[in-house]
Amino acid sequence: MKKMKKMKKILLIICLFTITFSSSEAQNKLGYINSNELLTLMPESKVMQSELESFAKGLESQMMAMQAEGENKLSEYQQNESSMSELVKKDKVRELENIQQRIIEFQQNAQQALSAKEQELLTPILDKARNAIEDVAKEGGFTYIFDASTGNILYADENENILPLVKAKLGL
């Protein structure tokens, strides 16, 4: 009987040890990073910003040239309106309306072109950051890495912030 009780105790201890050991092994290692902060630290982001500003300035100068053309034509029309026939007036008004329509279309197309250019320049930077984060996560044995910039973290221990590791990985 005593052997039986002793064996049950040993079996219970083994079971408890196994349960405790497996539950501690099953815990996830969590980390977080502020991806916005990382992107601002990457030199590629500064280059991208510069290229984007240059592209936007080119579009803006084209827009200003179109507007200047429209203003010149409008001024010319207003100065000469009294000496124009009705047929010429209608033609000039139609021309001014066309210029205005071209300016509106250009504004829309310029906004789309600027967005496309930003996406084109941003994609390789995001890919590089994502790859570095994945490498650090694998090397550090992290199960999850959360992005603190999206506001989805309610609590995070500063020791789990992998930004210093990702900066080191990228040589920042």
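Predicted model: local features only at pLDDT ≥ 70, side-chain atom pairs only at ≥ 80, totals over all residues.
Residues are numbered from 1 along each chain as its sequence is written, and side-chain values use heavy atoms, with hydrogens and water left out.

Which residues of H5 are buried? They are Leu163, Val166 and Leu170. These residues sit on the same side of H5 because they cover an arc of only 65° around the axis; the arc is that of the directions from the helix axis to the C-beta atoms. Pro164 and Ala168 are exposed, on the face of H5 turned away from its buried side. Buried means under 20% relative accessible area, exposed means over 50%, and partly exposed lies in between, using a 1.4 Å probe and protein chains only. After H5 comes Gly171, which has a positive phi near 70°.

**Where H4 meets H5**

Two packed helices are described by the angle between their axes and the distance between the axes. From H4, the contact uses Lys128, Ala132, Ile133, Asp135, Val136 and Glu139, and from H5 it uses Leu165, Val166, Lys169 and Leu170. Contact means heavy atoms within 4.5 Å. Sorted by type, these contact residues are six nonpolar, no polar and four charged. In this sorting, Ala, Val, Leu, Ile, Met, Phe, Trp, Tyr, Cys and Pro count as nonpolar, Asp, Glu, Lys and Arg as charged, and the others, Gly among them, as polar.

| Residue | Relative accessibility | Class |
|---|---|---|
| Lys89 | 19% | buried |
| Arg130 | 42% | partly exposed |

Leaving aside neighbours within four places in sequence, Lys89 touches Tyr77, Glu81 and Met84. Arg130 and Ser35 are 95 residues apart along the chain, yet their C-alpha atoms are separated by 9.2 Å.

**The nonpolar cores**

In soluble globular proteins, nonpolar side chains tend to be buried together. A nonpolar core here is a set of buried Ala, Val, Leu, Ile, Met, Phe, Trp, Tyr and Cys residues joined through side-chain atoms within 4.5 Å. The largest one has 18 residues, and Met42, Ile133, Val166 and Leu170 are among those with the most contacts inside it. H2, helix H3 (43–80), H4 and H5 each give two or more residues to this core, and H4 gives the most, with seven. A second, separate core of seven residues includes Leu59, Met63, Ile99 and Phe106.

**The whole chain**

How many helices and strands does the chain have? There are five helices and two strands, running α-β-α-α-α-β-α from the N terminus on. Of the 172 residues, 20% count as buried.

Note on methods
Helix = DSSP H or I, 4+ residues; strand = E, 2+ residues; numbered from the N terminus.
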